[in-house]
Amino acid sequence: MSLDTLTTDYRNSQESVANRVLSWLVRWWVGVDADQLRNPDRLFESYRSEVERARAESARIAQRFHNDVRRDAGLGSLPASFWSGVDTSVGEAFYPVVQPARSRLDDPDFMAELDRLVYGPLRENTDLAVLDGGRSTLVHARDSDRDVVGYYRKTEADPCGFCAMLASRGLVYTESRNSSRASRSYLDEQNPEAYHPNCRCQTVPLFEGSTIPADDRRQADEWRARWNDTEGSGAHQLSNFVNAFRTEN
């Protein structure tokens with residue numbers, strides 16, 4: 001199976017996990033009533049449990065993907081013990097700070113306010129919380145697998161300008177392992193591992209002898225050319241690029 005097919009299947013599998021949790025979130029939120037909000041810790045136990053199950057599944061999918069890419073490069077699978085250092089638990093940082101609703105419980109606009117202050121942050125945060133299970137697994141593999149020479153960012157089908165800018169960097173070499181290879185420098189806000197709410201982008205590991213699939217390379221080169229043609233520098237250039245990308249797409 002080609003690397004292009006593997007990466008597309010991987011991205012689709014991860015999106016399927018995230019979509020399933022979002023569907024669950026909609027059904028769960030419809031069943032929430034005002035009385036349950038008097039005990040928010042107990043209420044959000046269901047959300048945490050659902051997210052943690054999905055994160056664990058996302059991590060397992062990432063493990064299979066990393067091994068599949070290794071085999072595609074002519075290498076064997078990593079032993080199960082290799083993945084023992086991956087932690088799929090959800091830290092508090094992955095849960096949004098939900099603002100308290102100010103309306104009275106008998107206010108007819110109460111649920112509308114809850115949708116904005118509670119459901120909104122949960123909806124935006126869910127993709128990050130779920131998909132980080134797989135993303136952090138790939139980071140662990142990239143840092144620990146001595147055969148990895150680099151990685152690149154594969155965007156979702158319809159990315160925003162920020163993600164297109166990150167993908168435009170192309171192959172990022174693993175510096176500690178490939179210090180003799182030239183790698184494009186980037187500012188902190190241009191880290192290829194940066195993700196925003198509702199982002200479905202992924203990273204793909206590469207091994208000696210493998211290369212970025214032609215379509216992904218062509219797309220990255222196109223976005224890189226657009227970046228180079230964007231006026232400004234630093235944050236100003238990024239703002240101009242993102243705004244132009246949004247307008248054109």
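Helices and strands here are DSSP runs, numbered from the N terminus. The model is predicted.

## Overall layout

The protein chain has 6 helices and 3 strands. Read from the N terminus, the elements run α-α-α-β-α-β-β-α-α. The chain counts 249 residues, and buried residues make up 45% of them.

## Residues brought together

The table gives their separation along the chain and between C-alpha atoms.

| Pair | Separation in sequence | C-alpha to C-alpha distance |
|---|---|---|
| Val172 and Tyr151 | 21 residues | 5.4 Å |
| Gln219 and Ala164 | 55 residues | 8.9 Å |
| Asp9 and Phe65 | 56 residues | 9.1 Å |

Val172 sits in strand β2. Its relative accessibility is 7%, so Val172 counts as buried. Gln219 belongs to helix α5. Gln219 is partly exposed, with a relative accessible area of 23%. Asp9 is part of helix α1, which covers residues 3-30. Asp9 is also partly exposed. The relative accessible area of Asp9 is 38%.

Now to the pair α5 and α6. Helix α5 spans residues 214-228, and helix α6 spans residues 234-248. Their axes come within 10 Å and cross at roughly 120°. That angle makes α5 oblique to α6. The crossing of the two helices is right-handed.

Which residues meet where α5 touches α6? From α5 come Trp223, Arg226 and Trp227. From α6 come Gln237, Leu238, Phe241, Ala244, Phe245 and Glu248. Sorted by class, this contact has 6 nonpolar, 1 polar and 2 charged residues.

A disulfide is a covalent bond between the sulfur atoms of two cysteines. How many disulfides does the structure hold? It holds 0 disulfides.

The sulfur of Cys163 has its closest cysteine sulfur in Cys201, 3.6 Å away. That is too far for a bond. The cut-off for a disulfide is 2.5 Å between the sulfur atoms.

Are these cysteines buried or exposed? Cys163 is buried, with a relative accessible area of 1%. Cys201 is buried too, at 0% relative accessibility.

Thr155 lies in a loop. The loop runs between β1 (148-154) and α4 (161-167). Thr155 has a relative accessible area of 9% and is buried.

What does Thr155 touch, leaving aside its neighbours within four places in sequence? Its contacts are Arg11, Cys163, Ala167, Cys201 and Trp223. Several of these names have come up already. Cys163 and Cys201 are among the contacts of Thr155, and their sulfurs are 3.6 Å apart. Trp223, another contact of Thr155, is also one of the α5 residues that meet α6.

Asp127 is found in helix α3, residues 110-144. Is Asp127 buried or exposed? At 2% relative accessibility, Asp127 counts as buried.

Neighbours within four places in sequence are again set aside. Asp127 is then in contact with Ala18, Leu22, Asp132, Asn198, Cys199 and Arg200.

Asn198, one of those contacts, has its place in the loop between β2 (172-173) and β3 (202-207). Asn198 is partly exposed, at 31% relative accessibility. Its backbone also deserves a look. Most residues other than glycine have a negative phi. The phi of Asn198 is near 70°, a positive value in a residue other than glycine.

Conventions: Residues are numbered from 1 along each chain as its sequence is written. This is a predicted model: local features need pLDDT of at least 70, side-chain atom pairs count only at pLDDT 80 or more; totals for chains, interfaces and linings use all residues. Side-chain values use heavy atoms; hydrogens and water are left out. Axes are lines fitted to C-alpha atoms, for helices over the stretch in contact, and angles run from 0 to 180 degrees between N-to-C directions. Helices (H or I, at least four residues) and strands (E, at least two) are DSSP runs, numbered from the N terminus. Angles under 35 degrees count as roughly parallel, over 145 as roughly antiparallel, 65 to 115 as roughly perpendicular and the rest as oblique. A crossing is left-handed if the near helix is turned anticlockwise from the far one by less than a right angle, and right-handed if clockwise. Contact means heavy atoms within 4.5 Å. Ala, Val, Leu, Ile, Met, Phe, Trp, Tyr, Cys and Pro count as nonpolar, Asp, Glu, Lys and Arg as charged, and the others, Gly among them, as polar. Buried means under 20% relative accessible area, exposed over 50%, partly exposed in between (1.4 Å probe, protein chains only).
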